[in-house]
Amino acid sequence: MMADRDRYQRQMILPAFGLATQEKLLAAKVLIVGMGGLGCPVLQYLVGAGLGHIGIMDADKISLSNLHRQLLFTESEIGLLKVEQAAAKMRLLNSDVTIESYPFNIDQSNALQIISKYDLVIDATDNFLAKYLINDACLVLQKPFVFGAVSRYEGQVSVFNLAQEEQSINYRDLFPEAPKPGEVPSCAEAGVIGVLPGIIGAMQAAEAIKIITGIGTPLYGRLYHYNLLQGQGFEIEIAATENRIEMNEKIFLENIYEENEEEMDIPEISISEFNRMRALPEVFVLDVRERHEYPPIDFSDAQIPMSELQVKMHEIPDKEICIICHQGIRSVYAAQQISKKRNLKVYSVKGGLTAYFK
Amino acid sequence: MAITIHFFGSLVDITGQSKKELNILRDTDSLNLQLQKEYPALISTKYFIAVNQQMIKINRELNNGDIVALMPPFSGG
């Protein structure tokens, strides 16, 4: 396809760009995994730039709490599938671009088949399991991928697996194993300022364009950290791990990417049950949120943040323990850890403080 | 004789600061041990260490003026 000179004129007049470079973009195939805070700006800029073939993958539907950072969506689209709305809008923006939407999440059964159709993957997911899965699938298929992640006011960007050789730097060089569930709070739990994934996502799109066109120096082998509050960047050169975990199709398919913490059934209690129980003298209410989390509550007997739980296990009294957190996710993990170490009756408050204050 | 330590992400909550100056210690292992003693929550937290913006995987000697960074993983999107 001939690049439309008017549409791309502003970038084609750039030094080291030109028609040949624009044609590279139009011929490229990129898969964006995750259509949330990171995925939306990545998609918008790649479509604008004239990236020819884009796959977008996400099972989620649009919700009101998405709209402060996922500016591609509107109030009238709440409840609709993200990938379908995104694809429809992007076709209006640039008819040069072919968009394939996958309205499901990436998993072991679909990753290799879908990623193999693309030249490059953008990790715009919001959880570690997906990030490790993308990393490993890209290693198997020898595809480069652009990593991005955010937390509160800080973000990270890097390019992995670009050299496609034995010593190619990948995400497992940074953190060989995924953190355990609950060890690192998610955006839903920790919060994120809307503009931050916009910045990090735009950086991911820039890295993708650099890799495809060959202009500039990609962030390969370097982790770029951005602190929005300080307005500061910090770059770290990544060192390859000496004894790598071997990765091939068989290992990938047999690996476990699920939260398989020995599934321990933790009884979850409703807010009304919680209100009844917390009045009883034999019940101890434990808040496992981190110290900075809002709002403070006056009905807990102690606060032991999840990050300190292992070392403070002995501080928990021999009572029945009701555990509460922001959303009722960490409290289940905390309950599992406590019941592993201490022989106590533990309960998780379903829906956490979000449900409590509803 | 001092080194500067930068904390990122959740490590700022654990240590209560984003930057800290310490008298020089022999190497990164002794520095890590001292920080974990001062902030026990670090023991159960994942992070890697970089010296002068280079990630380190094994113990490394520290010199006056070194800048050490403790970086945790982020997963949000």
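1. Of the 77 residues of chain B, 42% count as buried. A residue is called buried if 20 or more other C-beta atoms lie within 10 Å of its own, exposed if 12 or fewer do, and partly exposed in between, with C-beta atoms placed from the backbone. The model is a predicted one: local features need pLDDT of at least 70, side-chain atom pairs count only at pLDDT 80 or more, and totals for chains, interfaces and linings use all residues. Residues are numbered from 1 along each chain as its sequence is written, while chains are lettered from A and ligands numbered from 1 in the order in which they are written.

2. Chain B has two helices and five strands, arranged along the sequence as β-α-β-α-β-β-β. Helices (H or I, at least four residues) and strands (E, at least two) are DSSP runs, numbered from the N terminus.

3. The C-alpha trace of chain B spans about 40 × 25 × 20 Å along its principal axes. Of the contacts in chain B with a separation of 6 or more, 55% join residues 24 or more positions apart; two residues are in contact if their C-beta atoms, placed from the backbone, lie within 7 Å.

4. The largest nonpolar core has 85 residues, and Val30(A), Ile32(A) and Ile122(A) have the most contacts inside it. Helix 9 (residues 195-213) of chain A supplies the largest share of this core, eight residues. A nonpolar core is a set of buried Ala, Val, Leu, Ile, Met, Phe, Trp, Tyr and Cys residues joined through C-beta atoms within 7 Å. Leaving aside residues up to four places away in sequence, the residues that Ile32(A) touches include Val42(A), Leu43(A), Ile54(A) and Ile122(A).

5. Apart from that core lies another, of 24 residues, including Ile269(A), Val288(A), Ala334(A) and Ala335(A). Ala335(A) sits in helix 13 (residues 330-341) of chain A. It counts as buried because 26 other C-beta atoms lie within 10 Å. Ala335(A) touches Ile266(A), Ile323(A), Val346(A) and Ser348(A), not counting residues up to four places away in sequence. Ala335(A) and Ile266(A) are 69 residues apart along the chain, yet their C-alpha atoms are separated by 6.8 Å.

6. Where the chains meet, 40 residues of chain A are in contact with 27 residues of chain B. Strand 8 of chain A gives the most to the side of chain A that touches chain B, with four residues. The residues of that side divide into 18 nonpolar, 13 polar and nine charged. Here Ala, Val, Leu, Ile, Met, Phe, Trp, Tyr, Cys and Pro count as nonpolar, Asp, Glu, Lys and Arg as charged, and the others, Gly among them, as polar.

7. Some backbone angles deserve a check. Most residues other than glycine have a negative phi, and most peptide bonds are trans. The peptide bond from Tyr294(A) to Pro295(A) is cis, with omega near -5 degrees; Pro295(A) lies in the loop between strand 10 (283-287) and strand 11 (302-303) of chain A.

8. Ala16(A), not a glycine, has a positive phi of about 65 degrees. Ala16(A) counts as exposed because it has 9 C-beta neighbours inside 10 Å. Arg152(A), also not a glycine, has a positive phi of about 55 degrees and lies in the loop between strand 5 and strand 6 of chain A. Arg152(A) is buried, with 22 other C-beta atoms within 10 Å.
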